[in-house]
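Thanks for coming, everyone. Let me put the structure up, and then I'll walk you through it.

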Amino acid sequence: MNPVTPAVADTAPHGDAVAVAAERRWAIVVGIITVCLVAMMVLTGLHWAAMPPSRVETINVKTVHIEGEFVESNLGTAVGADGKVTVRLIAQQYSFQPPCIVVPAETPVTFRGTSTDAIHGFVVGTTNANTMLIPGFVATFTTTFHKPGEHLMPCHEYCGTGHEAMWARVQVLPPAEFRAKARVGERLNCVPR
Ligand SMILES: [Cu+2]
């Protein structure tokens with residue numbers, strides 16, 4: 001009499017049942033994940049359809065260099081009479097103007113930017129400052145840099161053969177140091193002269 005045979009005969013159907021149960025559990029998990037993803041797509045789609053972007057600001061790309069807000073003398077960091085800090089910049093193949101941007105820490109900073117040629121974009125280091133720059137449109141957002149320091153600001157939209165060399169620097173200064181440098185009506189940058 002072989003004692004092993006009945007044991008094998010016993011475990012074989014049992015093993016099948018375990019495998020089937022495990023497969024069923026995973027199928028249910030995958031089904032739940034799929035349903036959640038589709039629900040997210042539908043809900044965000046409906047949400048954005050119901051709430052389009054609140055503002056679209058256009059600009060004439062042919063005259064952006066020679067008149068209006070983005071002429072060269074107006075680029076850089078401006079401090080308004082009300083103390084509000086605005087950074088104006090232009091992206092073009094393959095640089096940002098100004099290539100070194102100076103901002104205060106712990107202060108809301110509004111960025112306004114556009115592109116003169118292709119689609120560009122930028123992200124400031126590991127902060128949440130991040131936008132696309134599209135010819136003919138003004139991109140704007142307001143953010144606060146919490147710590148003084150220096151960040152790299154690379155172009156993050158592939159814009160041509162020089163894309164990888166397209167970046168600027170952002171210097172975040174302690175608020176007092178920034179205020180000491182800033183004059184109302186002047187445009188600040190940290191480009192070495
Ligand atoms: Cu670019």
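The accessible surface of the protein is about 12,000 Å². Carbon and sulfur atoms account for 64% of that. Keep in mind that this is a predicted model.

Now the overall shape. The protein has 193 residues, and 34% of them count as buried. Along its principal axes, the C-alpha trace spans about 100 × 40 × 35 Å. There are two helices and eleven strands. Reading from the N terminus, the order is α-β-β-β-β-β-β-β-β-β-β-α-β. What about contacts along the chain? Take the contacts between residues at least 6 apart in sequence: 63% of them join residues at least 24 apart.

Let's go inside. The largest nonpolar core has 32 residues. Which members touch the most others? They are Leu89, Phe96, Val103, Phe111, Phe122, Met153 and Phe178. β2 (85-92), β4 (100-104), β5 (108-115), β8 (139-144) and β10 (167-173) each supply at least two of its residues. There is another core apart from it, of five residues, including Val64, Phe70, Leu75 and Val138.

Stay with Leu89 for a moment. Leave aside its neighbours within four places in sequence. Its contacts then include Phe96, Phe111, Phe122 and Met153. Phe70 and Leu75 are also among the residues that Leu89 contacts.

Next, the copper ion. Which protein atoms are its donors? They are His120 (ND1), Cys155 (SG), Cys159 (SG) and Met166 (SD). These donors lie 2.1 to 2.5 Å from the ion. Why call the arrangement tetrahedral? Because the four donor atoms subtend angles of 94 to 122 degrees around the copper ion. In sequence, the donor residues follow the spacing H-x34-C-x3-C-x6-M. Histidine 120 sits in strand β6 (residues 120-123), and cysteine 159 sits in the loop between β9 (149-154) and β10, so this pair ties together parts 39 residues apart in sequence.

Are these two buried or exposed? Histidine 120 is buried, at 0% relative accessible area. Cysteine 159 also counts as buried, at 6% relative accessibility.

Last, some backbone details. Most residues other than glycine have a negative phi, and most peptide bonds are trans. Here are some exceptions. The peptide bond from glutamine 93 to tyrosine 94 is cis, with omega near 0 degrees. Tyrosine 94 is in the loop between β2 and β3 (95-97). Glutamine 97 and proline 98 are also joined by a cis peptide bond, with omega about 0 degrees. Proline 98 is in the loop between β3 and β4.

Then there is glutamate 106. Its phi is positive, near 55 degrees. You'll find glutamate 106 in the loop between β4 and β5. Is glutamate 106 buried or exposed? At 53% relative accessibility, it counts as exposed, because the cut-off is over 50%.

That's the tour. Questions, please.

Key:
Residues are numbered from 1 along each chain as its sequence is written. This is a predicted model: local features need pLDDT of at least 70, side-chain atom pairs count only at pLDDT 80 or more; totals for chains, interfaces and linings use all residues. Side-chain values use heavy atoms; hydrogens and water are left out. A nonpolar core is a set of buried Ala, Val, Leu, Ile, Met, Phe, Trp, Tyr and Cys residues joined through side-chain atoms within 4.5 Å. Buried means under 20% relative accessible area, exposed over 50%, partly exposed in between (1.4 Å probe, protein chains only). Helices (H or I, at least four residues) and strands (E, at least two) are DSSP runs, numbered from the N terminus. Contact means heavy atoms within 4.5 Å. Donors are N, O and S atoms within 2.8 Å of the metal (3.2 Å for Na, K and Ca); water is not among the atoms, so sites may look incomplete. Four donors count as tetrahedral if all angles lie between 85 and 135 degrees; four count as square planar and six as octahedral if opposite donors are over 155 degrees apart and all others between 65 and 115; anything else is irregular. Accessible areas come from the Shrake-Rupley method with a 1.4 Å probe; for residues, only the protein chains shown count as cover.
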